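Here is a short report on one protein model. Look at the structure first, then read on.

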Amino acid sequence: MSKKYYGVNELRQMFLDFFTSKEHLTRGSFSLVPHNDKSLLLINAGMAPLKPYFTGQEIPPNRRMATCQKCIRTGDIENVGKTARHGTFFEMLGNFSFGDYFKHEAIAWTWEFLTEVVGLEADRLYPSVYQDDDEAWNIWHDEIGIPAERIFRFGKEDDFWEHGSGPCGPCSEVYYDRGEKYGCGKPTCTVGCDCDRYMEVWNNVFTQFDGDGHGNYTELANKNIDTGMGLERLAVVVQDVDSIFEVDTIKALLDKVAETAHTKYKEDPEKDISLRLITDHVRSCTFMASDGIMPSNEGRGYVFRRLLRRAARHGLKLGIEGKFLAELAKTVIDSSKDGYPELEEKRDMILSVLTSEEDKFSKTISQGLEILDYIENEMKEQNVDTLTGENAFKLYDTYGFPIDLTIEILEEKGLKVDTDGFNDCMTKQKETARKARKTTNYMGADATVYDELDPSLFTQFIGYDQLIGNGRITAITNENEIVQALAEGDRGTIITDSTPFYATKGGQLADKGVIEDQSARFVVEDVILLKGEKVGHVGYMEYGMLEVKDLVSMKVDRANREATSRNHSCTHLLQKALREVLGSHVEQAGSLVSSDRLRFDFTHFKSVSSEELKQVEKKVNEEIRKAIPVVTEVMSIEDAKKTGAMALFGEKYGDSVRVVTMGDSKEFCGGTHVKNTSDIMAFKIVSESGIAAGVRRIEALTSDNLIRYYDNLESEMFEAARMVKSTPADLLHKLQSMMDEIKSLKAEVEKTKAQYAQHVMKKMNDDITEINGIKFVTKQMDNIGMDELRNYGDMLKDKTEGGVVVLAGVNDGKVNIMVTCGQAALDKGAHAGNIIKAIAACVGGGGGGRPNMAQAGGKNPEGINDAFAKAAEIVKEQTK
């Protein structure tokens with residue numbers, strides 16, 4: 001079969017159809033945003049989205065699968081454009097086996113597809129195998145019929161796939177001989193040469209080992225196949241063109257770039273660099289935008305921003321005037337939408353994102369280039385080849401000029417950038433920003449991304465009567481800016497035209513839940529009320545992508561809402577009960593209502609007695625048991641006041657208000673409530689305290705949370721009973737018995753201490769000496785605390801007839817010293833505080849005190865005798 005021309009889109013479909021015929025499940029490309037994989041910023045290989053199937057974390061939908069996966073790699077971004085080999089975006093064809101077929105089928109199908117389906121000449125195909133993989137070599141030689149001299153054995157570096165420890169295995173690649181015109185002309189030119197003659201078109205990875213990362217391997221019970229084949233590379237071979245930039249779909253885009261720049265490819269090598277770079281980067285940006293990746297200053301958003309700005313800068317180099325990237329993206333969409341229908345589905349968003357980002361960059365690029373040109377001239381005059389970190393940072397911070405562009409532009413001219421200095425400046429700026437005041441808007445309030453939202457947007461709340469509703473997304477923000485979409489892993493805020501989600505207000509915390517469509521889910525962690533009656537749903541994308549204008553299903557967490565509503569309704573009953581028990585002076589001063597508890601602040605000028613709290617509890621529970629219907633009405637504020645409904649003091653209300661009625665309780669309230677008081681089930685006050693002058697706070701529980709509260713109490717009671725070797729029923733009796741025993745033991749201890757003190761006092765008579773007519777005594781008394789030392793000191797004052805007492809002891813490894821001076825000693829000039837200061841250093845400590853009593857602590861017991869000797873010297877000096 002002779003080789004036939006096929007386009008990129010044809011080859012993609014041919015591959016998928018072929019493996020469908022081999023009982024593979026074929027599916028469209030996964031998103032570029034990794035799903036549950038934080039090890040990758042962007043999908044960079046066909047097998048990357050399938051890792052959970054290879055590792056066994058998930059069961060695959062079929063043990064045989066085949067895909068054409070869009071991929072982005074930026075590891076060699078600096079070479080893109082400079083050569084025709086490099087690119088950031090590519091499509092990876094892959095067939096995969098998860099413990100199903102292995103080498104025999106994989107190799108046979110490789111050969112069948114390349115020779116019989118695509119029609120590549122068999123005598124131009126050269127397989128390679130890992131040097132020790134005799135099994136693969138034999139299959140190629142004996143089953144496929146490849147002569148031995150055309151099968152190449154390569155080492156680990158070329159034909160063995162492993163990444164640290166874990167599943168790994170040998171590879172078998174297939175090379176196509178493109179002919180001498182693409183070769184280097186060397187006599188030794190063959191498979192593996194660095195020239196463009198022998199091009200790898202297929203790579204089978206035989207995952208058959210489990211490696212320990214140290215060169216030791218064991219056979220896997222379930223062996224896998226991971227095939228990778230670059231679609232663009234295959235097209236290069238089939239279409240017999242120089243490089244990936246000349247295959248049909250990419251050439252169409254490159255020609256469009258050249259037309260926009262009023263030039264032609266391969267007329268000017270310098271311009272060709274820019275033409276290739278723009279072509280590649282526009283492809284990447286178009287596909288990234290279609291998967292909801294938005295330009296930003298971090299993560300994959302930064303990859304997007306960097307690629308787009310590099311393309312825009314090279315557009316300037318080519319003399320392209322005005323914005324042009326969105327127009328080029330149309331060519332990408334039109335040429336690839338058959339294989340990637342999301343491109344057409346997201347066309348408007350893609351073009352909007354590219355236009356907006358290019359517009360932002362155009363405002364800074366011209367001025368930045370002028371400043372950089374001025375700095376370059378200064379560097380030449382000063383004969384330096386490295387831009388200082390300070391100047392690089394000034395370009396970034398003042399003029400918004402990205403550091404990577406600064407590096408790229410200067411490298412083109414043989415100059416360097418002090419990146420370490422730049423990073424130091426960046427670090428200092430972040431530290432300064434942290435210490436500085438928050439940014440404020442012109443009203444003095446904290447400025448946020450929400451200030452930039454269209455003021456005409458508003459959200460209709462439909463959540464009083466339903467917990468599931470549909471809405472259309474009207475705006476999206478991430479943490480820093482307004483964006484068109486959010487993709488998996490992104491955090492942000494979604495604004496819709498209607499919502500069943502209750503936003504935090506009036507003391508009631510927000511709902512939780514999900515916003516989703518058929519292919520995406522956003523987890524709502526918080527809901528906030530924004531200016532202009534907009535409701536912001538704050539959370540993160542669990543999977544998929546959502547964009548502005550999408551129609552979405554919005555589902556409130558029912559259990560969380562119902563628990564919150566029970567607590568909110570109970571605050572109304574609580575306020576009524578408090579006014580009945582404590583008096584009509586009680587007014588609400590604040591509240592917090594969540595799914596797990598309620599907190600109610602009220603005006604009252606003394607603590608609430610336990611008896612009063614019991615009365616309040618009883619009244620609330622009586623209202624719950626009455627099963628009173630909860631009635632909510634919307635009426636004018638004048639009519640609401642006529643009903644006697646209570647308003648929150650200091651709260652501002654509109655022309656119409658919601659009035660919530662539960663029997664005799666009537667309150668203005670915009671929160672969510674139960675249908676009947678019996679839904680609350682039960683009520684329990686767990687604490688009462690004062691929080692400000694004239695303001696008290698009650699915290700309470702209801703329903704399921706109250707049951708959990710009693711469950712915990714019961715568990716603690718059983719544990720306490722176990723610890724004292726009793727039962728819950730006999731626990732009080734056991735504790736009383738233990739308290740009586742402790743009281744008796746304490747009395748015995750005190751009696752023993754008194755007896756010991758008398759014994760010590762008798763022995764101390766022999767230790768008393770005189771210094772200048774003043775009685776003086778020292779004594780070491782270990783294993784007693786400072787309080788007991790002071791007690792002994794007081795007793796010894798009488799023994800010394802108003803002299804000086806110095807006591808020291810070691811307790812738990814620490815030294816305590818105490819000095820007392822009686823009246824006789826004081827009259828002669830003794831000063832306990834000065835004595836303790838002088839001797840504390842002997843025990844490695846410090847202290848002080850009054851003339852009649854002082855104390856110190858230390859950590860050197862060996863110095864106690866030195867302290868006693870020093871004390872005698874000081875007393876002798878003070879009383880001479």
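## A bent helix

Helix H12 bends by about 30° at Ser362. This is a predicted model. H12 covers residues 347-382, which makes 36 residues. From its first C-alpha to its last, H12 reaches 50 Å. That is close to the 52 Å expected at 1.5 Å a residue.

What follows H12? The next residue is Asn383, and its phi is positive, near 60°.

## The largest cavity

Rolling a probe the size of a water molecule over the atoms shows where empty space is left. Here, two cavities of 30 Å³ or more turn up. The largest cavity has a volume of about 70 Å³.

Which residues line the largest cavity? The lining consists of Val8, Asn9, Arg12, Glu91, Thr249, Ile250, Leu253, Arg283, Val332, Ser335 and Ser336. Three helices each supply at least two residues of this lining: H1 (8-21), H7 (248-260) and H10 (325-336). Sorted by class, the lining has four nonpolar, four polar and three charged residues.

## The second largest cavity

The second largest cavity holds about 40 Å³ of space. Its lining is made up of Gly87, Phe89, Ile244, Phe245, Ile250, Thr279, Asp280 and Arg283.

By class, the lining of the second largest cavity splits into four nonpolar, two polar and two charged residues. Two names deserve a second look.

## Cysteines without disulfides

How many disulfides does a search of the whole structure find? The count is zero. Take Cys168. The closest cysteine sulfur to its own belongs to Cys171 and is 10 Å away, so the two are too far apart for a bond. Cys168 is buried, with a relative accessible area of 1%.

Cys184 is in no disulfide either. The nearest cysteine sulfur is that of Cys193, 3.7 Å away. A disulfide needs the two sulfur atoms within 2.5 Å. Is Cys184 buried, exposed or partly exposed? Cys184 counts as partly exposed, at 35% relative accessibility.

Conventions. Residues are numbered from 1 along each chain as its sequence is written. This is a predicted model: local features need pLDDT of at least 70, side-chain atom pairs count only at pLDDT 80 or more; totals for chains, interfaces and linings use all residues. Side-chain values use heavy atoms; hydrogens and water are left out. Buried means under 20% relative accessible area, exposed over 50%, partly exposed in between (1.4 Å probe, protein chains only). On a 1 Å grid over the protein atoms alone, a cavity is a set of points where a 1.4 Å probe fits but cannot get out, and a pocket is an open set with protein on both sides within 12 Å along at least five of seven lines; lining residues have an atom within 4 Å of a point. Grid points are joined across faces, edges and corners, and a volume is the space filled by probe spheres set on the points. Helices (H or I, at least four residues) and strands (E, at least two) are DSSP runs, numbered from the N terminus. Ala, Val, Leu, Ile, Met, Phe, Trp, Tyr, Cys and Pro count as nonpolar, Asp, Glu, Lys and Arg as charged, and the others, Gly among them, as polar. The expected span of a helix is 1.5 Å times one less than its number of residues. The bend at a residue is the angle between axes fitted to the seven residues ending there and the seven starting there.
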